[in-house]
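These are my notes from one sitting with this entry. I wrote down what I looked up, in the order in which I looked.

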Amino acid sequence: MALGRRTAVTSRARRAPQTVAGEAQEGTRNWRTLREGGSIHRVQQQQRGWSRRGMMVNSLSLCYHNKLILAPMVRVGTLPMRLLALDYGADIVYCEELIDLKMLQCKRVVNEVLSTVDFVAPDDRVVFRTCQRERSKVVFQMGTSDAEQALAVARLVENDVAGIDINMGCPKEYSTKGGMGAALLSDPDKIEKILSTLVKGTSRPVTCKIRILPSLEDTLNLVKRIERTGIAAIAVHGRKREERPQHPVSCETIKAIAETLSIPVIANGGSHDHIQNYLDIEDFRQATAASSVMVARAAMWNPSIFLREGLRPLEEVTQKYIRYAVQYDNHYTNTKHCLCQMLREQLESPQGKLLHAAQSSREICEAFGLGAFYEETTRELDSRRAEVLARTPAELEEPAEDTSGVIKMAVKFDRRAYSPQITPKMCLLEWCRREKLAQPVYETVQRPLDRLFRSVVTVAEHKYQSTLWDKSKKLAEQAAAIVCLRSQGLPEGRLSEESLSLHKRKREAPDQDPGGPRAQEPAVPGELCKKPFVTLGSGDESPLEGW
């Protein structure tokens, strides 16, 4: 049967997966409060369905027959790209490979502002973000070499994804050095243990993605052993571990696998030689006799490859991608990386150069004519955040902090307004050294609901704080330093301070972030003001309060 939408049977296969009875009750949420390290997290407890025999059962079905699939791609398969691929016709989307040990450190956090579920690492980085829109279509791909760790991760995410996949094909060192990825291909016993443990222990269909072995016989023996574990499907990249995209994909080997197994075989690896447009996907499926096709780089270059009507203009695709990235608060570095993969030969164009220079989501939007959209969406998210805060119990709203005697201003640190060689923290540290004062001390708190930061800096026994919250600890510290410098009439390193001459001092760690904890060797202000600190009264009496 053809993969494309060429028959009535095919169109029926594209209907949304059916759910078992009782799935509607999955919306019921149990909440518990975790207090760790001074932070309070609102965490939704996992709920799983059980069969009469006490074994886990699937609450969502996921069919791997006759599907167009977005392949797992590191730094590409994040939420905006997955949603865009679904818009253009992908049936199933894989997230990028995520390592088991990293996921096991994460907390599951319901983000009511973005309407997402976030898995957040101890360093407050969102490792995996998903939403209801993709819940029945997203497959979580894991990097692992340990069956029990893999099962723990699967149980952590299973209520938020449609399937679990184990990466057994990645040849890159970051995956293989821990015995993961393609390294597993040389250890069939471990493969069998991992897959069998997952099949028995998780409520979602389990799959794996492999590369072919040096000989066809070894490859067929391996995939037959894998099939016996009870997995739902197997994806096959038709190249050997040491081969790269410029090497031809072995359609014959994939076809032999498909003819040997009874489970769906998903063909992968055709972007370089075979897949340039939608119709090519079906040709690749026929050449491999596979049940479905998984597309990687061709989809990375233009996700509308899944669209039956043909590729859409790159301008449309990039704008849709950016809108998703802003709406779901995607980190600008990831957004920038994905856009660079789409632009490719256009990176030397004026727009490409603007993208290359962009250092924030705002600047990316401005480069693509979406500045107004960014401002509007930011206001909407801020409004939504305020509404959520207003109805959040006081004990969960934010950590308690002593604000008595704190001098406050409503300021933010805008990188574009400052020299790249100097920051407010540098200026404040250098001033303290010249005045023989103790180094500034920063104390930062995080608001659990939206994970924003705010800092207080103590200098000469006085405290200074911005009333605004920032997206990172470093930005919050810079804002606190600005409050201190402005309250004392000191230069802060702004580009507009024409009289300020800054000279860069040789530093012990030249690649260190100037806002980081090692910022003890800053650039030296040449003509810093020597004005001593003003003796101030309590924060309640200060005329600067609320400025």
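Entry 1, the end of a helix. I started just after α11, where Asp-329 takes a positive phi of about 50°. The model is a predicted one, and I read each value below as computed from it.

I checked the length of the helix, which covers residues 314-327. At 1.5 Å a residue, its 14 residues should span 20 Å, and the end C-alpha atoms are 20 Å apart, so the two values agree. I then listed which residues of α11 are buried: Val-317, Thr-318, Tyr-321, Ile-322, Tyr-324, Ala-325 and Val-326. What lies over them? I found that the cover of these buried residues includes α2 (79-87), α12, α14 (361-367) and α15 (371-390).

I picked Leu-311, which sits in the loop between α10 and α11. I noted it as partly exposed, because its relative accessibility is 42%. Leaving aside neighbours within four places in sequence, I found Leu-311 in contact with Gln-276, Asn-302, Ser-304 and Ile-305. I also looked at Asn-277, which is 34 residues from Leu-311 along the chain; their C-alpha atoms are separated by 6.8 Å.

I noted Arg-75, which is not a glycine but has a positive phi of about 70°. Arg-75 belongs to the loop between β3 (68-70) and α2, and α2 is also among the elements that cover the buried residues of α11. With 42% relative accessibility, Arg-75 counts as partly exposed. Ala-460, again not a glycine, has a positive phi of about 50°. I placed Ala-460 in the loop between β17 (452-459) and β18 (462-466). Its relative accessibility is 33%, so Ala-460 counts as partly exposed.

I opened the second largest pocket and noted a volume of about 710 Å³. Of the 30 residues that line it, the closest to its centre are Pro-72, Met-73, Lys-172, Arg-211 and Ala-296. Which elements each supply at least two residues of the lining? I wrote down β11 (206-211), α10 (297-301) and α12 (332-343). I then sorted the lining of this pocket by class and got eleven nonpolar, ten polar and nine charged residues.

How many disulfides does the structure hold? I found zero. Is Cys-340 buried or exposed? I put it down as buried, because its relative accessibility is 19% and the cut-off is under 20%. Cys-95 is also buried, with a relative accessibility of 1%.

The protein has 18 helices and 20 strands. Of its 547 residues, 53% are buried. I also looked at contacts with a separation of 6 or more, and 68% of these are between residues 24 or more positions apart.

Note on methods:
Residues are numbered from 1 along each chain as its sequence is written. This is a predicted model: local features need pLDDT of at least 70, side-chain atom pairs count only at pLDDT 80 or more; totals for chains, interfaces and linings use all residues. Side-chain values use heavy atoms; hydrogens and water are left out. On a 1 Å grid over the protein atoms alone, a cavity is a set of points where a 1.4 Å probe fits but cannot get out, and a pocket is an open set with protein on both sides within 12 Å along at least five of seven lines; lining residues have an atom within 4 Å of a point. Grid points are joined across faces, edges and corners, and a volume is the space filled by probe spheres set on the points. Helices (H or I, at least four residues) and strands (E, at least two) are DSSP runs, numbered from the N terminus. Ala, Val, Leu, Ile, Met, Phe, Trp, Tyr, Cys and Pro count as nonpolar, Asp, Glu, Lys and Arg as charged, and the others, Gly among them, as polar. The expected span of a helix is 1.5 Å times one less than its number of residues. Buried means under 20% relative accessible area, exposed over 50%, partly exposed in between (1.4 Å probe, protein chains only). Contact means heavy atoms within 4.5 Å. A disulfide is a pair of cysteine sulfur atoms within 2.5 Å.
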